[in-house]
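Here is a friendly briefing to read with the model open beside you. Please take a look at the structure first, and then we can walk through a few of its features.

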Amino acid sequence: MKDIKLTLAADGIEPGRVPKRKLNTGAQMPAVGMGTFGSDKYSGEQVAAAVIEAATLGYRHFDCASVYGNEALIGEALELVRRGGIPREELWVTSKVWNDSHGDGDVIRSCRQSLKDLRLEYLDLYLVHWPFPNFHPKGCSGDYHNPNAKPYIHEDYMRVWAQMEELVRLGLVRAIGTSNMSAAKMRLVLRDCEVLPAVNEMELHPHLQQPELFKYVVDNGIQPVGFCPLGSPSRPERDRTPDDTVDLEDPVIVKIAERLGVHPATVCLMWAVKRGEVAIPFAVKRVQLLSNLKAAVDNPLTPEDMQAIAGIDRGCRLIKGQVFLWREGLSWEDLWDEDGKIAQ
Ligand SMILES: NC(=O)c1ccc[n+]([C@@H]2O[C@H](COP(=O)([O-])OP(=O)(O)OC[C@H]3O[C@@H](n4cnc5c(N)ncnc54)[C@H](OP(=O)(O)O)[C@@H]3O)[C@@H](O)[C@H]2O)c1
């Protein structure tokens, strides 16, 4: 990649206009960021090129993870962005420890690897990607089960969390958080942690609003970060089932979009931002990147629109996590403690 001078595109969004969420650490996190999981559809090179494009459009927040397999390429892109004139302090970079690195010392090792790949000295936010140490081979089928998979074991999770807390003390990360949690698991973590999670990253879109967990984390000073904010229309085949519903085709969303003269995706993002979330839509196409960031700054949804969208929750979870199940006979609902009890 060649050095470039990075200037804001004529139609870009001044980053100062993007709303920020104040975390319990005091840090200010941009309310819309770019997701970087290519969903097996976009190569690392395409996602890295989109990171540069996004920066010229005014994005400063990037949601990464070691398991996305593209952090080294994104690191190259981020270095170009910084050499192009955007200082590190203006960027917000999140990464996540994968399920295969929950052992003693592994969390710190994995974080150091992400820092090296992303060419950074610190991360703004580091998340425990899933609350299970269960992993699967790349490209496996949706019904694959790892014979060593385990249920949620709170003591084990707290050993992972202690390493996350150590990363804060070492200055390698500025904030830490959880992801793919249930309220039952969160309650135990909040009871036993020394450093509170600053965010909980969770699936959030109009057809999966998770109102109880959303309220629980907000009431405890934890920022909800919503993934799949558009209903993940390009997710891999293994994450699709015949019962899944399509947010972008919901009549309520479509009607509001028609009234405002925008794409239904924009309505989903306006709703997320107005609800108080941080949303991390993925896109590599310039037109999508731009309209997704615009939704954060130009948001004419009315209280009636918000109420109408609140009424279309279908409880439709798209990232069900079935590959993380720990024994035969369980169903993906057992990963999410829907009856309030942690399944064993
Ligand atoms: N913590 C976790 O466990 C977790 C899990 C899943 C995802 N994530 C994060 O969340 C991010 C987003 O999730 P996601 O990619 O699954 O779902 P998403 O953001 O809901 O959907 C992204 C897809 O929507 C389409 N799209 C984007 N902008 C659009 C626009 N303005 N108009 C019309 N269509 C548009 C694109 O499809 P086409 O490219 O086909 O046009 C794009 O690939 C990921 O990249 C990742 O960073 C985290």
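Let's begin at the ligand, whose shell has twelve nonpolar, 13 polar and four charged residues by class. Please keep in mind that this is a predicted model.

**Around the ligand**
- The ligand is surrounded by 29 residues, and the closest are G35, F227, L230, A265 and F282.
- Helix 9 (residues 286-297) gives the largest share of this shell, with three residues.

**Strand 9 and its partner**
- Strand 9 spans residues 223-227 and is mostly covered, with five of its five residues buried.
- On one side of strand 9 you will find Q223, V225 and F227, on the other P224 and G226, and all of them are buried, so both faces are covered.
- Strand 8 (residues 199-203) pairs with strand 9 in the parallel sense, over five bridges.
- Within this pairing, N200 is opposite P224 of strand 9.

**Helix 2 against helix 3**
- Helix 2 (residues 71-83) packs with helix 3 (residues 106-118) at an angle of about 45 degrees, and their axes are 6 Å apart.
- Angles of 65 to 115 degrees count as roughly perpendicular and those under 35 as roughly parallel, so helix 2 and helix 3 are oblique to each other.
- From helix 2, E71, A72, I74, G75 and L78 meet S114, D117 and L118 of helix 3.
- Sorted by class, this contact of helix 2 with helix 3 has four nonpolar, two polar and two charged residues.

Note on methods
Residues numbered from 1 in each chain as written. Predicted model: local features only at pLDDT ≥ 70, side-chain atom pairs only at ≥ 80, totals over all residues. Axes fitted to C-alpha atoms, helices over the stretch in contact; angles between N-to-C directions. Helix = DSSP H or I, 4+ residues; strand = E, 2+ residues; numbered from the N terminus. Parallel < 35°, antiparallel > 145°, perpendicular 65-115°, else oblique. Contact = placed C-beta atoms within 7 Å. Nonpolar A, V, L, I, M, F, W, Y, C, P; charged D, E, K, R; others polar. Near = placed C-beta within 6 Å. Buried ≥ 20, exposed ≤ 12 C-beta atoms within 10 Å, placed from the backbone. Pairing = 2+ DSSP bridges.
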